[in-house]
Structure formats: structure tokens, C-alpha cells
Amino acid sequence: MALQMTLFEPEARPRPPAQMGRTSFVEREAKSILTPATGMMKSYDFMLNPYRGCQFGCSYCYAAWFSEPEEMARWGEWVEVKTNAVRLLRKERTLPGAKVYIGSATDPYQPVEGKTQLTRSLLEAMVEMSPQPRIVIQTRSPLVVRDVDVLEKFDNVRVNMSVPTDDDEVRRAFEPGAPAIVRRLAALKMLHAAGIATAACVMPMLPLHDPVEFARSLRETRAGKVYTGYFHAGAKQYTTGTRPEALRVAKRYNWTKERYEEAAAMIKSELNLDEQGQMAYAPL
Ligand code: SF4
């Protein structure tokens with residue numbers, strides 16, 4: 001008798017294109033799908049990244065440092081799709097009830113996800129577990145709204161939306177491949193309206209046009225939390241740092257730590273915040 005395929009089997013999922021814009025895709029079998037959380041993520045049990053590499057290719061991306069030097073030089077131009085991710089996930093005996101951070105080294109809702117639905121399939125697998133994992137999803141993509149029907153079945157889920165600036169010219173200078181800011185703010189509103197917990201991550205904060213107006217736009221999203229943070233110091237392979245490309249753009253804008261602190265103080269005062277940026281990484 002022929003084996004019946006389910007939605008969770010990789011063969012049943014749409015395959016990625018070979019190329020989208022400047023990014024080429026390869027399908028790879030991963031050795032594992034959950035990474036034990038360490039360092040600043042240590043309050044989680046696991047980190048989960050459906051892809052290796054990231055189509056958005058942000059100039060300041062910390063994750064890029066954890067790829068090989070020649071891969072880092074082409075960050076944003078290559079992505080590996082973990083074709084066996086769902087199969088591996090379903091075998092993980094310690095996953096039920098665990099605290100999982102999705103998107104520590106890739107954006108789980110980068111454009112190719114619109115084709116592969118890999119992140120969605122992983123969520124569908126986790127939502128069936130008992131007890132369900134407690135998940136935080138980090139993204140800068142409005143595509144996350146597509147999966148509201150799955151997200152609303154989780155007892156504990158939060159979407160952290162990266163909104164590092166209010167100025168699309170700045171956004172294009174630092175992260176030209178990423179969605180417009182207004183679409184991210186709209187996605188936060190839609191998630192809130194659907195009853196999904198949200199946080200707005202102004203991290204790393206990029207030059208702002210008007211910090212007070214920006215704070216008001218963030219308030220309008222009804223995000224449960226707003227976090228601010230500056231660039232990570234340091235620039236060393238296999239550590240969290242800021243790439244020279246981003247530091248060059250920051251210099252062009254004269255975007256110093258002092259200017260960040262002034263803008264962050266205005267936002268915190270307008271929104272009555274006392275949270276530190278690091279808390280954006282706290283599990284539910
Ligand atoms: S979206 Fe996130 S993971 Fe992707 S390049 Fe930008 S900072 Fe890196």
C-alpha cells in the first residue's frame with residue numbers, strides 16, 4: 001500500500017524557487033532543528049530557525065557573524081531551506097512545554113516563506129503537542145499575519161516585530177531588503193486585533209525622524225511591550241556584533257550612542273517605559 005503523505009511531510013510542501021531577486025535557495029537536510037539556548041537567550045530552552053541565512057540581508061545583522069566569513073560577505077544572497085525540519089521537530093521528545101524562540105538567526109517570515117510555508121508547518125506541528133511549547137517569534141515581516149489562524153490556537157505565543165526606525169529612507173539605507181515600516185506597524189495592529197500578544201522591538205534603534213511621533217505610532221499598534229536598544233558593540237566572527245557596513249551607514253547619519261540615548265529617553269518618557277532592550281528576549 002502506498003504511504004499516504006501528510007501536510008507535515010517535506011514532499012507535500014511547496015518547494016522554494018531556485019532564486020528570488022538577489023537570493024538563491026538550496027534545500028538541505030539539517031542534522032537538528034532545535035538549538036539549546038545559551039548566552040542572552042538562556043532563559044529559553046531552544047532556538048528554532050527554519051532557514052539558514054536570511055533573504056532580508058540587513059546590514060547590521062548579528063546572525064551573519066555566525067556564518068562562515070565568505071558566507072557573511074554575501075549575507076542576504078543565499079538561504080538554505082531545512083527540508084526535513086518538520087520531521088525532526090516531531091521527533092523532539094523534550095519540545096512539549098518547552099520555551100522556544102523562533103528566529104534567532106533568520107527571519108522565519110522572509111519572503112520565501114510565502115512559497116514554502118515551512119514556518120507555518122512547524123507551528124502546525126507544535127500546536128498539536130501537549131503541553132504546547134511556549135513560543136516567541138522574532139520577525140520584521142508582515143507575512144506573519146498569514147498564520148494568525150494557527151497562532152491563535154497557542155496558549156502562549158508572542159510576536160516580536162522589529163521596527164527599528166520611523167524613516168523609510170533610513171530603513172532602505174540599513175535594510176533595503178526588508179518590508180516598509182508602515183506595513184510592520186499595520187501587522188502589529190492586525191495581530192493585536194486577533195488577540196495575539198505582541199512586542200515592538202526598536203532594536204537596534206536606527207536614526208529616527210521624530211522620536212515622539214514614532215512613540216505615538218507604536219502606542220497605536222497596541223503592542224504589549226516596546227523595547228529599545230543600540231547596536232551591539234564588537235565585531236568578531238562567531239560572536240554577536242555589528243557589521244562594518246552598518247557602522248559605516250550609522251556614521252553617515254552621525255548616529256552615535258549619545259543620540260540613541262536621547263531618542264530612547266524621549267520614547268520611554270512618551271510611552272512610560274522602563275524595560276531594557278534585553279527583556280525583548282525574555283520568554284513568556
Ligand atoms: S531579518 Fe533578522 S535575521 Fe534577517 S538579516 Fe535582518 S536582522 Fe538578520
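Predicted model: local features only at pLDDT ≥ 70, side-chain atom pairs only at ≥ 80, totals over all residues.

In which sense do strand 2 and strand 6 pair, and over how many bridges?

Reply: Happy to. Residues are numbered from 1 along each chain as its sequence is written.

Now your question. Strand 2 (residues 23-28) and strand 6 pair in the parallel sense, over five bridges. Strands here are DSSP runs of E with at least two residues, helices are runs of H or I with at least four, and both are numbered from the N terminus. Two strands pair if DSSP finds at least two bridges between them. Within this pairing, Phe-25 sits opposite Val-79 of strand 6.

On to strand 5. Strand 6 covers residues 78-82, and strand 5 joins it through two bridges, this time running antiparallel. Here Arg-52 faces Glu-80 in strand 6. As a rule, the strands of a sheet pair through backbone hydrogen bonds, in either a parallel or an antiparallel way.

Put together, four strands make an open sheet, ordered 1-2-6-5, with mixed pairing. Strand 1 (19-20) and strand 5 (51-52) are at the edges with a single partner strand each, so one side of each has no neighbour in the sheet.

What packs against strand 6? Helix 4 (residues 118-127) is mostly covered, with seven of its ten residues buried. Buried means 20 or more other C-beta atoms within 10 Å of a residue's own; 12 or fewer means exposed, in between is partly exposed, and C-beta atoms are placed from the backbone. The buried ones in helix 4 are Leu-118, Thr-119, Arg-120, Ser-121, Leu-122, Leu-123 and Met-126. They pack against strand 6, and also against strand 4 (46-48), helix 2 (85-91), helix 3 (113-116), strand 8 (134-139) and helix 5 (148-151). Contact is counted when two C-beta atoms, placed from the backbone, lie within 7 Å.

Leu-122 leads us on to the core. The largest nonpolar core has 70 residues, and Leu-122 is among those touching the most other members, along with Val-100, Ala-200, Cys-201 and Val-202. Such a core is a set of buried Ala, Val, Leu, Ile, Met, Phe, Trp, Tyr and Cys residues joined through C-beta atoms within 7 Å. Leaving out residues up to four places away in sequence, Ala-200 touches Met-161, Val-163, Leu-188, Leu-218, Thr-221, Ala-223 and Val-226.

Tyr-227 belongs to strand 11 (residues 225-228), and it is buried because 22 other C-beta atoms lie within 10 Å. Glu-261, in helix 10 (residues 257-271), counts as partly exposed because it has 13 C-beta neighbours inside 10 Å.

Stepping back, the protein has ten helices and eleven strands. Buried residues account for 43% of its 284 residues. Among contacts with a separation of 6 or more, 79% join residues 24 or more positions apart. The C-alpha atoms fill a box of roughly 65 × 40 × 30 Å along the principal axes.
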